[in-house]
Every structure is written in structure tokens, then in C-alpha cells.
Amino acid sequence: MNSSSTDYPPKFETLIGLVRGRITTAQGLKIDVDEMNDFVRRARMAFGVQNYHEGLRLLNEGNERAGKSSTIHRQAYNAIATAAAFVAEAKKRNVDVTKAVEMLIDAKKAFERVDLDRALQLASAARSETDKLTVLYSSAQKILSSRSRLELAGRLGIDAPPLREVFADAKEAMKAKDYDKALALAQRAEDEFTALIKERIAGT
């Protein structure tokens, strides 16, 4: 007699259906599900000989792999979308994101061939590279604007050695590639010079 779902309690067939549903979802995402289907097939065989413990173990393994694959697919998709948005925003600010764009293209290619771990890695790297370049660009721009404030202050006869030292520290941080520190120091110098300039103008 051929094996069928009546060889074991109906609740197991229900569990198999649930797992097959997750596998079908993964398959719809173009994920290779052969191994997952094999776990379900072996689980059916175990249930058929009343080895329920082994059957549940195999079914759980197939279920976990299907769920994990779908989760990684979603994470990779979201990572690529987020990185693309960061790159687009950086380009609007005239940041040179050539390297990040190349990483993003490679991430999309990896995603298309369902190399999801690689796609996730590349998308994360593209976003990190864009963040770094954006801070670099912002730091450079902020140093330029704070320098203009410093020069204006000098023309107005404002002498603030401590602030000139802060500006010098910002330039040193820039040289050392500590762009976050450079940005923070340049921002501080610009804000405080601006405040001094406003006081001087108000007092004239």
C-alpha cells in the first residue's frame, strides 16, 4: 500500500502544509529550496514509520531554513534600497560616490543571482562608504565656512585665540582623517565666531 497522510495523525500533515507554505514563499523569491523540500520528504517518511521525534526534527529544520532564507532576502533587499537612497542623497550634495555606486551595482548583481549574503555585505559596505564620504565632504565644507567667519572676524578686529586654536584643531583632525571630529570642531568654531561677529555688529 502506498504511503499517505492517513499513515500518521492529521496534525502532522497540517504542520507539513505550514512548512511547505514557507518553502513556497522562499521559492517565489528565487531561492534554491531543494534541500528544504528534502527535509520535508524525509519528515514524511519518518512520520510514516511513526518516528515522530525525528520527523518533527526534520520538519523544524526545513522550516527554519525556509524562514532564514526569506529573512536574509528581505534584509538584503532593504539594505540595497537604503544604500541606494544614501548614495542618491550624497550625489545631490556633489559628493563623489563613484566607489559606493560600484559596490551598489555589485550588490544588485549578487541579489539577482540570489547570493544574498554577498548582496547584504556589499550593500552595507556601499552605505558605510557613502557615510564616510558624506562626513568628509561636510567636514571640508564646514572648515571652509568657518574659515570665512574667522577671516570676517579678523577684519572686524575680533581677536579670539582660543577659537583660532579650535579651527586649527579642526584642520589637524581633517588631515588625520578623523572627519567626525573635524566636523564637530569646525562647527563649533563657526558658531562661536558667528556669535562674536553678531555681538560686534550689534555694538557698533
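Ile16 sits in helix 1 (residues 10-28), where helices are DSSP runs of H or I with at least four residues, numbered from the N terminus. Ile16 is buried at 0% relative accessible area, buried meaning under 20% with a 1.4 Å probe and protein chains only. This is a predicted model, in which local features need pLDDT of at least 70 and side-chain atom pairs count only at pLDDT 80 or more, while totals for chains, interfaces and linings use all residues. Residues are numbered from 1 along each chain as its sequence is written, and side-chain values use heavy atoms, with hydrogens and water left out.

**Around Ile16**

- Setting aside neighbours within four places in sequence, Ile16 is in contact (heavy atoms within 4.5 Å) with Tyr8, Val40, Arg44, Phe47 and Leu59.
- Ile16 and Gly62 are 46 residues apart along the chain, and 9.8 Å separates their C-alpha atoms.

**Helix 2 against helix 3**

- The axes of helix 2 (residues 34-48) and helix 3 come within 8 Å and cross at roughly 165°; axes here are lines fitted to C-alpha atoms over the stretch in contact, with angles running from 0 to 180 degrees between N-to-C directions.
- That angle makes helix 2 roughly antiparallel to helix 3, the label for anything over 145 degrees.
- The crossing of helix 2 and helix 3 is left-handed, which is to say the near helix is turned anticlockwise from the far one by less than a right angle.
- On the helix 2 side, the residues that meet helix 3 are Glu35, Met36, Phe39, Val40, Arg42, Ala43, Ala46 and Phe47.
- Helix 3 answers with a set including Tyr52, Leu56, Leu59, Gly62, Arg65 and Ser69.
- Sorted by class, this contact of helix 2 with helix 3 has eleven nonpolar, three polar and six charged residues; nonpolar covers Ala, Val, Leu, Ile, Met, Phe, Trp, Tyr, Cys and Pro, charged covers Asp, Glu, Lys and Arg, and the others, Gly among them, are polar.

**Helix 3 against helix 5**

- Helix 3 (residues 52-92) and helix 5 (residues 116-155) have axes that come within 8 Å and cross at roughly 25°.
- Helix 3 and helix 5 are therefore roughly parallel to each other, a label for angles under 35 degrees.
- Their crossing is left-handed.
- The contact of helix 3 with helix 5 divides into 13 nonpolar, six polar and three charged residues.

- Ser146 lies in helix 5 and counts as buried at 0% relative accessibility.
- Beyond residues up to four places away in sequence, Ser146 touches Phe167, Ala186, Ala189 and Glu190.
- Helix 7 (residues 179-202) has 24 residues and reaches 34 Å from its first C-alpha to its last, close to the 34 Å expected at 1.5 Å a residue, where the expected span is 1.5 Å times one less than the number of residues.
- The buried residues of helix 7 are Tyr179, Ala182, Leu185, Ala186, Ala189, Glu190, Phe193 and Ile197.
- Helix 5 and helix 6 (161-175) are among what covers these buried residues of helix 7.
- Ala173, in helix 6, is buried with a relative accessible area of 6%.
- Leaving out neighbours within four places in sequence, Ala173 is in contact with Asp178, Lys181 and Ala182.
- The C-alpha atoms of Ala173 and Leu183, ten residues apart along the chain, are separated by 8.8 Å.

Technical notes. Helix = DSSP H or I, 4+ residues; strand = E, 2+ residues; numbered from the N terminus. Parallel < 35°, antiparallel > 145°, perpendicular 65-115°, else oblique. Buried < 20%, exposed > 50% of the residue type's maximum accessible area, 1.4 Å probe, protein only.
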